[in-house]
Amino acid sequence: QVQLVESGGGLVQPGGSPRLSCAASGSISSIEIMRWYRQPPQRQRELVATITSRGITTYVDSVKGRFTISRDNAKNTVYLQMNSLKPEDTAVYYCNADVWTYSTGRLTNYWGQGTQVTVSS
């Protein structure tokens, strides 16, 4: 069993720069791709950023130049540094990861519970 726990959300003023964290724990052998998704109010969940185990990153166009995804493989943790936040960045942000587990020996996808980020003055 693997758990992903996000932290770092909350109420942020426009232009703010919070950092989200997502720590994975449990029967982890290694983690392949880690991702951040977000789901704005009354809208579908969208992929925001990805990072491979070797640090290759991708971003959705709307956050390029403002958000940075990074990871600490030793801590099984992924981060999302968000800069120049806009009200349209308001969403529940979810961590997602492809994990090799000792218990199953298979690559399995896991989700965190989500953390709310509200951008408002």
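Predicted model: local features only at pLDDT ≥ 70, side-chain atom pairs only at ≥ 80, totals over all residues.
Residues are numbered from 1 along each chain as its sequence is written, and side-chain values use heavy atoms, with hydrogens and water left out.

A search of the whole structure finds 2 aromatic pairs, where rings of Phe, Tyr and Trp (its six-membered ring) pair if their centres lie within 6.5 Å, and where planes under 30 degrees apart count as stacked, over 60 as edge-to-face and the rest as tilted. The rings of Y37 and W111 have centres 4.8 Å apart and planes at 50 degrees, so this pair is tilted. It links distant parts of the chain, since Y37 belongs to strand β4 (residues 28-39) and W111 to strand β10 (residues 107-111), 74 residues apart; strands (E, at least two residues) are DSSP runs, numbered from the N terminus. Y37, at 19% relative accessibility, counts as buried, whereas W111 is partly exposed at 38% (buried means under 20% relative accessible area, exposed over 50%, partly exposed in between, with a 1.4 Å probe and protein chains only). Y94 and W111 form an edge-to-face pair, 6.3 Å centre to centre with 85 degrees between the planes, and this pair joins strand β9 to strand β10 across 17 residues. Y94 is buried, with 13% relative accessibility.

The charged end of R45 sits over the ring of Y94, 3.8 Å from its centre, and also over the ring of W111, 4.7 Å from its centre; the criterion is that NZ of Lys or CZ of Arg is within 6 Å of the ring centre and within 35 degrees of the ring normal.

Strand β9 (residues 91-101) also holds C95, which a disulfide joins to C22 with an S to S distance of 2.1 Å (a disulfide is a pair of cysteine sulfur atoms within 2.5 Å). C22 lies in strand β3 (residues 19-26), so the pair ties together parts that are 73 residues apart in sequence. The link is left-handed, with -80 degrees about the S-S bond. C22 is buried at 0% relative accessibility, and C95 is buried at 0% as well.

F67, in strand β7 (residues 67-72), is buried at 2% relative accessibility. Not counting residues up to four places away in sequence, F67 touches several residues, including R38, V48, L80 and Y93, a contact being heavy atoms within 4.5 Å.

Definitions and conventions: Helix = DSSP H or I, 4+ residues; strand = E, 2+ residues; numbered from the N terminus.
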